[in-house]
Number of protein chains: 2
Amino acid sequence: MRKFFGLAIVGAIMVGMVGLTNADFARPADAIAYRQAVMRVIGHHFGLIGAVVKGEKPFDPKDVAHHADIVAALSQLPWEAFLVPGTAEKSQMKEDALRKKEDFRAAAGETEQQAAKLARAAAGGNLGEIRSHFGGTAGSCKACHDVYRSR
Amino acid sequence: MRKFFGLAIVGAIMVGMVGLTNADFARPADAIAYRQAVMRVIGHHFGLIGAVVKGEKPFDPKDVAHHADIVAALSQLPWEAFLVPGTAEKSQMKEDALRKKEDFRAAAGETEQQAAKLARAAAGGNLGEIRSHFGGTAGSCKACHDVYRSR
């Protein structure tokens, strides 16, 4: 049986001072492993939406909405883990993320916003809108990677 | 600024036939990497609740509710990735998970239920109840690990 409960995003309702801080990672390696794990899960679900958007997989609206919810929810998690001192050396992250934290947070926030729009489009079930916001989200990923990730 | 949007769980509302299947992993290695990533994220947030429950960190109800929401939401994700053929050899998973899929799914479902109870307790903000359901969730993790994970 394929059973699944829903993940839902509390749209744009900011709940305030909650979330991870640098202090929640005992060692830099923990922060790197955590953020890489979040990115891997996001990448998997985002890739499955991509396969639909590119016409490689049939469009199942419920499935796409589910994957988009996960992408949007997880897009809120990893950013502070990037801002832990000492985590640029042993990862693909450029030191610039740590040097320009507010710029990094702004770029990350843009990805959160794009992913939230994708999730709303996916909930609506219109493939054209999903495609458009998939592109917007992918663009926000790339914009951040271009600046803060080494090849 | 520590900004965070809420993750919320649609309690016990089963949305039905949605979720990952074996076919969503191109290679066994992808399924292993995916499930390990989900488990790492769960483990991080669960560990932060554990630190509060053990008195190592002060009790901030909003923080604990946030971590518990993430644990409950992510507890719904990884199970089918364990049931991809060819993924026992190169991981800690015992072949028994693949041989006894329904037993595995039942054990996984128990963890989902326990994590949902923990999230509800955390939303309520009573540390005694949180401690109790933290223990229940930890027990369900261990029960599954004892049977399906090699040391």
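# Reading salt bridges, burial and helices

Tutor: Start with a pair of charges. In this predicted model, E102(A) and R105(A) form a salt bridge, with the closest N and O atoms 2.7 Å apart.

Student: Where do E102(A) and R105(A) lie?

Tutor: Look for the helix first, then count residues. Both sit in helix α5 of chain A, which covers residues 101-124. They are three residues apart, about one turn of the helix.

Student: Which salt bridge does R105(B) make?

Tutor: The side chain of R105(B) meets that of E80(B) in a salt bridge, at 2.7 Å from N to O. R105(B) belongs to helix α5 of chain B, whereas E80(B) belongs to helix α3, residues 79-82, so the pair ties together parts 25 residues apart in sequence.

Student: Is E80(B) buried or exposed?

Tutor: Compare the relative accessible area with the cut-off. Buried means under 20%. E80(B) has 14% relative accessibility, so it counts as buried.

Student: What does R99(A) pair with?

Tutor: With D96(A). Their closest N and O atoms are 2.7 Å apart in a salt bridge. Both residues lie in helix α4 of chain A, residues 96-99, and because they are three residues apart, about one helical turn separates them. Now check the surface. R99(A) is exposed at 60% relative accessibility. D96(A) is partly exposed at 22%.

Student: How many salt bridges are there over all chains?

Tutor: The count is 14.

Student: Let me step back to the fold. What pattern does chain A follow along the sequence?

Tutor: Read the elements in order: β-α-α-α-α-α-α. That is one strand and six helices.

Student: How much of chain A counts as buried?

Tutor: Of its 151 residues, 50% count as buried. Chain A has about 6900 Å² of accessible surface, and carbon and sulfur atoms hold 57% of that.

Student: What share of the chain A contacts joins residues at least 24 apart?

Tutor: Take the contacts between residues at least 6 apart in sequence. In chain A, 72% of these join residues at least 24 apart.

Student: How do I read a helix by its length? What does α1 of chain B reach?

Tutor: Compare the end-to-end reach with the expected one. Helix α1(B), residues 28-53, has 26 residues. From first C-alpha to last it reaches 37 Å, close to the 38 Å expected at 1.5 Å a residue. Then look past its end. Just after α1(B), G55(B) takes a positive phi of about 80 degrees.

Student: Which residues does F46(B) contact, beyond its neighbours in sequence?

Tutor: F46(B) is in helix α1 of chain B. It is buried, with a relative accessible area of 14%. Leaving aside neighbours within four places in sequence, F46(B) is in contact with V71(B), L118(B), F134(B), T137(B) and A138(B).

Student: Where is A116(B) found?

Tutor: In helix α5 of chain B. A116(B) counts as buried at 15% relative accessibility. From A116(B) to A138(B) is 22 residues in sequence and 13 Å in space, C-alpha to C-alpha.

Student: What polar contact does the side chain of E112(B) make?

Tutor: E112(B) is also in helix α5 of chain B, residues 101-124. It is buried, with a relative accessible area of 7%. Its side chain makes a polar contact with the side chain of W79(B), at 3.1 Å.

Student: And what does the side chain of S140(A) reach?

Tutor: The S140(A) side chain reaches the backbone oxygen of T137(A) at 2.8 Å. S140(A) lies in helix α6 of chain A, residues 127-148, and is buried at 8% relative accessible area. Not counting residues up to four places away in sequence, S140(A) touches E110(A), T111(A) and Q114(A).

Student: Last feature. How many disulfides does the structure hold?

Tutor: Zero, over all chains. C141(A) is in no disulfide, and the nearest cysteine sulfur, that of C144(A), is 8.4 Å away. C141(A) counts as partly exposed at 23% relative accessibility.

Key: Residues numbered from 1 in each chain as written. Chains lettered and ligands numbered in written order. Predicted model: local features only at pLDDT ≥ 70, side-chain atom pairs only at ≥ 80, totals over all residues. Heavy atoms only, no water. Helix = DSSP H or I, 4+ residues; strand = E, 2+ residues; numbered from the N terminus. Buried < 20%, exposed > 50% of the residue type's maximum accessible area, 1.4 Å probe, protein only. Contact = heavy atoms within 4.5 Å. Areas by Shrake-Rupley, 256 points an atom, 1.4 Å probe, with all protein chains shown as cover. Polar contact = N/O pair within 3.5 Å; in protein donor to acceptor, adjacent residues only side chain to side chain. Expected span 1.5 Å × (residues − 1). Disulfide = S-S within 2.5 Å. Salt bridge = Lys/Arg side-chain N within 4 Å of Asp/Glu carboxyl O.
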